[in-house]
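Me: I'd like to learn how to read the side-chain features of a model like this one. Could you take me through them one by one?

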Amino acid sequence: MTIRERILANIKTTLEAITIANGYVNTIASVQRWDKRGNPLRQVPCIVVNAGQEEKQMSPNPYFTCRLSVYLDVWIRQDEADATATDVILSGILGDIEKAIMIDNTRGGFAIDTNIKSNVPFETVEGQPHAGLTIELEVLYQHTQSDPSIA
């Protein structure tokens, strides 16, 4: 398994631990990796982990230094009877995600660092069932030039 894939798997596992029982404000019902065939959004809150752009730079032999963007699409569905402002719900989930991601910025020892770069709310139309936001992470890691599975 490549170092990149180990990092993405670690992010998924980290987010799956967001539960009220583990000391968070919310429980994430589903964490999924991006699937081009579509991701089911039946269980919400749901987070879809999606690898983005990656930049590689030659480091002193024998390493590449990599900057990987990872996007977390956070989906919620809010009942009409819920009087809580949607922003309040999203802020609580965002806080839980930030807390979980920064517990181990080395992604289980496979990364040099993880940074939360931004978050952007989904564009929504009044009355649509889903809302959410996209969180961008930047993960800095290295692997050997001859084998991306060796750090």
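**Charges, rings and burial**

Reply: Let's start with a charge on a ring: the charged end of Lys99 sits over the ring of Tyr24, 4.7 Å from its centre. The general idea is that NZ of Lys or CZ of Arg must be within 6 Å of the ring centre and within 35 degrees of the ring normal. Lys56 also lies over a ring face, that of Phe64, at 5.6 Å from the ring centre.

Me: Before we go on, what kind of model is this, and how are residues and atoms treated?

Reply: It's a predicted model, where local features need pLDDT of at least 70 and side-chain atom pairs count only at pLDDT 80 or more, while totals for chains, interfaces and linings use all residues. Residues are numbered from 1 along each chain as its sequence is written, and side-chain values use heavy atoms, with hydrogens and water left out.

Me: In what order do the elements of the protein run from the N terminus on?

Reply: Elements are DSSP runs numbered from the N terminus: helices are H or I with at least four residues, strands are E with at least two. Here the order is α-β-β-β-α-β-β, with two helices and five strands. The C-alpha atoms fill a box of roughly 60 × 30 × 25 Å along the principal axes.

Me: How many salt bridges does the count come to?

Reply: The rule asks for a side-chain nitrogen of Lys or Arg within 4 Å of a carboxyl oxygen of Asp or Glu. By that rule there are five. One of them joins Arg4 and Glu54, at 2.9 Å from N to O. Arg4 is in helix H1 (residues 3–16) and Glu54 in strand S2 (residues 46–58), so this pair ties together parts 50 residues apart in sequence. Another is Arg67 with Glu138, whose closest N and O atoms are 3.4 Å apart. That one ties strand S3 to strand S5, because Arg67 lies in S3 and Glu138 in S5, 71 residues apart in sequence.

Me: Is Glu138 buried or exposed?

Reply: Buried is under 20% relative accessible area, exposed is over 50%, and partly exposed is in between (1.4 Å probe, protein chains only). Glu138 comes out at 19%, so it counts as buried. Across the 151 residues of the protein, 36% count as buried.

Me: Which buried residue has no salt bridge, with Lys117 as the nearest side chain of opposite charge?

Reply: For charge, Lys and Arg count as positive, Asp and Glu as negative, and His and the chain ends are not counted. The residue is Glu136, and Lys117 is 4.1 Å away. Glu136 lies in strand S5 (residues 130–144). Leaving out residues up to four places away in sequence, Glu136 touches several others, including Tyr71, Asn115 and Lys117, where contact means heavy atoms within 4.5 Å.

Me: How many aromatic pairs does the structure hold?

Reply: Rings of Phe, Tyr and Trp (its six-membered ring) pair if their centres lie within 6.5 Å; planes under 30 degrees apart are stacked, over 60 edge-to-face, and the rest tilted. There's one pair. The rings of Trp75 and Phe122 have centres 4.7 Å apart and planes at 65°, so the pair is edge-to-face. Trp75 sits in strand S3 (residues 63–77) and Phe122 in the loop between strand S4 (113–121) and S5, 47 residues apart.
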